[in-house]
Amino acid sequence: MAFFLETLLGGLMAGMLYSLVALGFVLIFKASGVFNFAQGAMVLFAALAMARFAEWIPQWLGFQSLLLANLIAFVLAAFVMFAVAWLIEWLVLRHLVNQEGTTLLMATLGIGYFLDGLGQTLFGSAIYKIDIGMPKEPVFAFGSVFPGGLLINKEDLYAALIAAVLVALLSVFFQKTSTGRALRAVADDHQAAQSIGIPLNRIWVIVWCVAGVVALVAGMIWGSKLGVQFSLTTVALRALPVVILGGLTSVPGAIIGGLIIGVGEKLSEVFLGPYVGGGIEIWFAYVLALVFLMFRPQGLFGEKIIDRV
Amino acid sequence: MNAPLKNIPPMPVQAVEPASPGHRRAAPSGGSELHEVKSVGVKNIGDVILDVHNISLSFGGVKALADISFNVKEHEIRAIIGPNGAGKSSMLNCINGVYQPQQGSITFRGQTFKHMNSHQVAVMGVARTFQNLALFKGMSVLDNIMSGRNLKIKSNLLLQALRIGPAQKEEFQHREAVEKIIDFLEIQAYRKTPVGQLPYGLQKRVDLGRALAMEPQVLLLDEPMAGMNVEEKQDMCRFVLDVNDEFGTTVVLIEHDMGVVMDISDRVVVLDYGKKIGDGTPDEVRNNPEVIKAYLGVEH
Amino acid sequence: MFYRENGQFKTSYRADSQIFPITQDRLGILALFVIAVVGIPLLADEYLLRAIFIPFVILSLAALGVNILVGYCGQISLGSGAFMAVGAYAAYNCYVRIDGMPLIAALLLGGFFATLLGLFFGIPSLRVKGLYLAVTTLAAQFFCDWAFLRVSWFTNNSSSGSVAVSDLSLMGWPITSPASKYLFCLGFLIVFGLMAKNLVRGAVGREWMAIRDMDVAAAVIGIRPMYAKLSAFAVSSFIVGVAGGLWGFVHLGSWEPAAFSIDRSFQLLFMVIIGGMGSIMGSFFGAAFIVILPIFLNQFLPALGNLVGIAISTAAVAHAEIMIFGALIVWFLIVEPHGLAKLWSVGKQKMRLWPFPH
Amino acid sequence: KEQFFPVLSGRTGPVAPNATPWANGHNDYMKLVNARGGINGVKTLVEECETAYATDRGVECYERLKGKHGGATVFQPLSTGITFALTEKVPADKIPMITSGYGRSDSADGGVFKWNFPLIGHYWVAGDTVLQHIGKQAGGMDKLKGKKIGVGYHDSPFGKELLPILQERAAQYGFTLQLLPIAAPGVEQKATWLQVRRDQPDYVILQTWGVMTPTAIKEAQAVGYPREKMFGTWWSGAEPDLKDIGQGAKGYSAVMMQHGAEPNSAVVKDILDKVHAKGQGTGPKDEVGSVLYMRGVLGALLATEGVRSAQERFGKGKVMTGEQARWGYENLNLTQAKLDALGFKGVMRPVSTNCVDHMGSAWARVHQWDGSKFIWTSDWLQADEQVIRPLVKNSADKYAAEKKLTRRSAADCQS
Amino acid sequence: MEKPDIANDIVLNVNGIEVIYNHVILVLKGVSLQVPQGRIVAILGGNGAGKTTTLRAVSNLLQGERGNVTKGSIELRGERIENLSPADLVQRGVVQVMEGRHCFAHLTIEENLLTGGYTLKSKAEVAVNLEKVYNYFPRLKTRRTSQAAYTSGGEQQMCAIGRALMASPSMVLLDEPSMGLAPQIVEEVFNIVKDLNQKEKVTFLLAEQNTNMALKYADYGYIMESGRVVMDGAARDLANNEDVKEFYLGVGGGERKSFKDVKSYKRRKRWLA
Ligand SMILES: Nc1ncnc2c1ncn2[C@@H]1O[C@H](COP(=O)(O)OP(=O)(O)OP(=O)(O)O)[C@@H](O)[C@H]1O
Ligand SMILES: Nc1ncnc2c1ncn2[C@@H]1O[C@H](COP(=O)(O)OP(=O)(O)OP(=O)(O)O)[C@@H](O)[C@H]1O
Ligand SMILES: CC(C)C[C@H](N)C(=O)O
Ligand SMILES: [Mg+2]
Ligand SMILES: [Mg+2]
């Protein structure tokens, strides 16, 4: 029983971490109808920037405080991400107004490659660490109820909390502001949005900036867990079923999807895996998403796919 | 592909004998020297080919169609008019099997259906154009129209891949038929242009061409003349009338241009927010006070 | 001035529906054909054949298959790698388990099994669309990755999970030299290329494209979405499966599941999009772009570095390579969002007008 | 007159942190050889090609480099996957391949694998020695009976290559194995470690590479699995894997292919003097002497010494062809004296190969992370010939049967 | 209305523009037109004449179609605007109603309209405008909570027009506003145009196929034919022109011909080449 709960908890927290990455996808999709394949690269890029700045800044300025270094590094990295967002809009997106989804998708892919290369050129390709003081050792709670206690990973818990806060903020942003509505309009029809005076360029910069910050937070947390290295980009693939399950356009969907996928894959791996040789969690996540899609082709909270003549 | 319903008697498309005298109309006066009018004389309206019975359709709270019944007779031009949002397009969608009405039935050539299945409807010889252009954007004009003939293609995948013998012959036969339609619609110059690049009016024409390529017995047209000027509307009317005359195709026409409707249709149904408020000859409808109130406004 | 169809009138539909209706194009293609079949095997050295032409030919074939599904039928697939894998492993099992199995038969059987898998994973496409469908195909991808790693029967119980074939021959003619391997693959490419072209310009192709562009309208003119989609999945996965077999048998010789990983799927999708969705020619352009460009950059950048007197480390080259690669993708998309094939045809159109600007 | 040593490097991608020091060490030693006057006067030449640890790119690199600069002397693919692919290709091209510490274990059988040289160790050696070490911890191999050992492995030919020896030993000593495959690149291992937490295996062996290793240790930490009970094989226990975890990895051990981090060895001093001091170092200075760097150095040592031994037969001071170099690798005889002279005193043990034995030495040692650096925690361990040899032979025979090869004749051994 | 002669009376001055799509398809071959302040100017012409392209050139929506203005100039109140973004133009009060509706499919009708007021600073103004639009098109009010994709063609058209009016524009480019609308709504739309024009001095440039209506309400008209302006003049004059009557109004020879009686031989009149 205790173990089942542990697995469940582990799944929930892993799910929250996926949500954090999934959120980046959702944001950009919502705002421009583009599936952003560069999300993984952005996470890596942001994390690299943060890790290296945190390492360099004390050297440049000659102080010791870890907190201060992290803070400055975070802010600097955020500015770097803003610059990236601005450049992407300026060099790429504005030239691709009104193009089909696949074209834009491919463009984000090109951007992804570019960022992968640039990030590693600027910041190096070894493993770097982000030390934001996350506790690494587990705690064992409810020792009185379960023999040996219930293992809770504090680091994951904090990460999950951060993810939850971020999602709540973004949900409000989308639901309550007129910019949120404008974003949805842009996603539906670039040209029509332009024709009524929505400044596509500005909107895109804003969204990519927000996505950049989300990537930074995701990168920071994942980086603190895993170390910052090229493989960080692959978390994007783990987040994909989450996005799809939750619905490409739904911020809360990213969370719910994350929880379902996280729990589903951990439970399957732990309880089913041993019978079939293990290593099933990846495809299980995708199959799980697929099963949901068969019932709701637009994901749990996605906007209905419009099909009308 | 060729699975027509067995119990439907094959209908010769051309020579339709007047089963009931129906009402007769004078043919266009004075055929010109350049255009041969084939069916000079009397237009023969046949039996009921399509009977829509007590159809109701609603979306959530919106009642798009409430208990609508009307029929279409063979060889006639049947117009459906009504204000915006009256449910005209929805009616066609029901006939086409795109929407499934919650109530009622549709009888087509003696067969009654609770709801239709798009593929079956097509097999039975009903073609359709769309109000919001539903062309295949990435394909050329030629391919769009050719796709209308796909139902008639018999050769299997492998034969098509090898493009030998019958497959090739078939392809060329259909191409010939399609070229006739292209000539007929006067879009020769655009044969290989992707339809997405055509101006709106021509796209409407291609849409018609695709429907014609099916050699339908019933042609459903949803605002075929929207976005055209008078001259182009005249052309379009000519196409519709020619099809109707030459091939005996039954036409169901939705149109907001009263001039067109009154001039070329045989009978008119009027819908108003899901309800039928009028049905009859153009003259009857035109003078129906309810119709005037709901739709026509001032006398046209 | 020279590239004009002026004066070339088509008097029959047969003539008009040739693949290359313009004489200059036909001559060009003929020349290309001669170069590909005679010139390259004679002139190219071993490296070019093994590292560039053979992969190029095989991946073109795979991209062709993917293009049928993605470009023509509009069903986004990120699982092409899985279909290649099934093709390769099925062919392998047929080849090693059945004595005297001819090479071509084994490869085609590989394609056949890929088709079965394709049909199976195509079923969700009847309900799930667009990017959501991509997830279905990813499920296929990860499942196959896992299955070929974990089910040792597929790898003939090889302990490492890596399998190998060697001493290929076609009716007694050994396929071991790079040139013969190249020609063998080229043969497949030409045959399947022509067949695919015939399909896409025929009735089935129109069905696929109709479903892609507007499925409701397609249904109304009598096209059955199920038949169209599944046939696209079938044809596509067959071709991709055969390409997978060739990749394993001819190009790699020995392989592990990682040879057909998600990266391969992405690579194939990029080829299709960069080359041009819905264009047979585009598959070739795309494959060329994706196969050759990185290798070219990889060799060219250090040379460039030498020229200006800086030694560039391989890491820097690798990073510069992906940066340039990414930038080029974006650049091409900006110049022509519909891919290299479209760029090519716009170029031709310009040439037709030349020397007048419009 | 230059002897060309191609380098398949992995300076990008998921394994970059680990593969980079290897290449740096390799290249630095090659420079040192040149600084010392070359191989009997023949200078070495290296050219790198980036594989990013991807098999197809590795194959492309092989094709690209094999004919360059007068022909490649020997390939070191630095990836088991690439090794498998190249094993099919090298016989035709007549280029030997050194897979020191990885690759196919059965290729130690020179009778079947004429061109493969898993010098000084393959994974079965690693597996056997790590078990011996665990046995010692348990107080004797017989104490392993009834115990459960988890194996976290890279889900690829590389990872699986370790399993046969463990299975063999498990049958012999009566312990059970819990297989824990980890999909590359291995950044998501939560479920794996939850399983470990539930089943609490007595020991866990890691056969991981790149970021997979630190992730495994961090996840172990997160579920509170004692690092003292975790043992890596030799690609899973180097500084880049552990330095960021620091104290969290304290107690983790890894079996080393003879050497460990050797900052004090003579050869390292020599490299610092003759290469780095001249500003010709390939990588950063502080990495010189680290574990993976040293493995690169060893790779280069073996590659050059094979050529030297070939020159004994085919002519001193001449550039050797691949085929000639192969003879050199097959008749390697690096005695302790020779090693000491080259500066490898204390770093490695003598190696001698012959026609049937392409490995030449099967020794290993275990080091443990103390929170900031490695310390030796075992004596020299030798893999058990009695177990390994039949395994190798069976597997090689099976390969030969599949490929319809015949074993090399005695005459062939002379050529 | 006479041809305007006072330069600063002219809001929009299109001067000899050429437009090329995709770098190869030359569509506009030197189009010039002027729109005076507070007037309604109509562009007439057959399918493919280039009306939509002209409007897109003005509102700068060409980029998304991969089109380019390669020659000539476009001035708004004396300021060159070829390089402004569409959003800048909306800021300057120029809003286009696009051909083919282009409602935001996933947004409800009301959200569509509200988005139309994106550029407005004051919430109150948005509310006022929304009320105004609902007054103009009561049908929209009843469908306000439907997603735009699920409304009828005509409803979408109303939505598109209403959305443009939400921005309190000073100049509206209308591309086929009457398309797909029921006759009395067409009348209604033109009345709205007239109304806004007279009461709020909004300038209109409209491309319309419904020549009859267009000339009835417009002050001035341009007739386009394959990328060129072939005739222009005061609306009244155009309406009385024999050619226009025959080819655009269908009343050649004095009286209206039944659509049924028109023969289909090539009657098309071409002014130029
Ligand atoms: N995006 C595009 N790419 C290429 N050609 C185009 C594009 N849009 C329009 N064209 C071409 O430009 C010409 C003029 O088109 P335009 O849409 O401006 O005509 P229009 O006068 O508005 O016609 P309609 O009354 O049918 O709407 C047509 O020949 C059309 O084929
Ligand atoms: N799929 C749907 N979901 C929800 N409501 C719908 C749907 N289809 C149609 N409606 C509603 O049903 C009503 C009838 O629509 P329909 O398209 O049939 O009108 P119409 O008579 O064709 O109008 P128009 O002349 O404007 O084209 C409209 O109010 C429309 O909003
Ligand atoms: C350095 C590498 C040779 C180790 C790697 N994990 C492999 O065996 O494939
Ligand atoms: Mg309608
Ligand atoms: Mg237009």
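**Reading the labels**

Modeller: Gladly, and let me start with D:His69: its relative accessibility is 41%, so D:His69 counts as partly exposed. Please keep in mind that this is a predicted model.

Colleague: What makes 41% partly exposed for D:His69, and where is the residue placed?

Modeller: Buried requires a value under 20% and exposed a value over 50%. D:His69 has 41%, so it falls in between. Its place is the loop between H2 and helix H3 (80–87) of chain D. D:His69 also has a positive phi of about 50°, although it is not a glycine.

Colleague: Why is D:Ala52 called buried?

Modeller: The relative accessible area of D:Ala52 is 17%, and the cut-off for buried is under 20%. D:Ala52 therefore counts as buried. This residue has a positive phi too, about 55°, and is not a glycine. You will find D:Ala52 in the loop between strand E2 (43–50) and helix H2 (55–65) of chain D.

Colleague: What makes the bond between D:Ala184 and D:Pro185 stand out in your notes?

Modeller: The peptide bond joining D:Ala184 and D:Pro185 is cis, with omega at about -5°. D:Pro185 sits in the loop between strand E6 (176–182) and helix H8 (190–199) of chain D.

Colleague: How do you know which residues D:Leu405 is in contact with?

Modeller: A contact needs heavy atoms within 4.5 Å. Leaving aside neighbours within four places in sequence, D:Leu405 is in contact with D:Val112, D:Tyr399 and D:Ala400. The C-alpha atoms of D:Leu405 and D:Phe113 are separated by 9.8 Å, and these two residues are 292 apart along the chain. D:Leu405 belongs to the loop between helix H15 (385–403) and helix H16 (410–414) of chain D. Its relative accessibility is 39%, so D:Leu405 counts as partly exposed.

Colleague: Now the metals. What coordinates the magnesium ion that is ligand 4, and how do you know?

Modeller: A donor must be an N, O or S atom within 2.8 Å of this metal. The OG atom of B:Ser89 and the OE1 atom of B:Gln131 are at 1.9 to 2.0 Å. Both atoms therefore qualify as donors. The pair links distant parts of the chain, 42 residues apart: B:Ser89 is in helix H1 (residues 88–96) of chain B, and B:Gln131 is in the loop between strand E6 (126–128) and helix H3 (141–147).

Colleague: Are B:Ser89 and B:Gln131 buried or exposed?

Modeller: B:Ser89 has 14% relative accessibility and B:Gln131 has 8%. The limit is under 20%, so B:Ser89 is buried and B:Gln131 is buried.

Colleague: What makes H1(B) largely enclosed by the rest of the structure?

Modeller: In H1(B), 9 of the 9 residues are buried, so the helix is largely enclosed. Among them are B:Lys88, B:Met91, B:Leu92 and B:Ile95. Just after H1(B), B:Gly97 takes a positive phi of about 85°.

Colleague: And which residues coordinate the magnesium ion that is ligand 5?

Modeller: E:Thr52 (OG1) and E:Glu99 (OE) do so, at 1.8 to 2.2 Å. E:Thr52 lies in helix H1 (residues 51–59) of chain E and E:Glu99 in the loop between strand E6 (94–97) and helix H3 (109–116), so the pair ties together parts 47 residues apart in sequence. Both E:Thr52 and E:Glu99 are buried.

Colleague: Why is the link between A:Lys266 and D:Glu188 called a salt bridge?

Modeller: The cut-off is 4 Å between a side-chain nitrogen of Lys or Arg and a carboxyl oxygen of Asp or Glu. Here the N to O distance is 3.2 Å, so the pair meets the criterion. The count between chain A and chain D is 4 salt bridges.

Colleague: How many residues are in contact between chain A and chain D?

Modeller: 39 residues of chain A are in contact with 28 residues of chain D. The area buried between the two chains is about 2800 Å², and carbon and sulfur atoms give 56% of that area. A:Phe3, A:Ile127 and A:Leu226 supply 21% of what chain A buries against chain D, more than any other three residues.

Colleague: How do you know that chain B and chain D do not touch?

Modeller: Their nearest C-alpha atoms are 33 Å apart. Chain D and chain E do not touch either, with their nearest C-alpha atoms 37 Å apart.

Note on methods: Residues are numbered from 1 along each chain as its sequence is written. Chains are lettered from A and ligands numbered from 1 in the order in which they are written. This is a predicted model: local features need pLDDT of at least 70, side-chain atom pairs count only at pLDDT 80 or more; totals for chains, interfaces and linings use all residues. Side-chain values use heavy atoms; hydrogens and water are left out. Donors are N, O and S atoms within 2.8 Å of the metal (3.2 Å for Na, K and Ca); water is not among the atoms, so sites may look incomplete. Helices (H or I, at least four residues) and strands (E, at least two) are DSSP runs, numbered from the N terminus. Buried means under 20% relative accessible area, exposed over 50%, partly exposed in between (1.4 Å probe, protein chains only). Buried area is the accessible area (1.4 Å probe) that two parts lose on being put together, summed over both.
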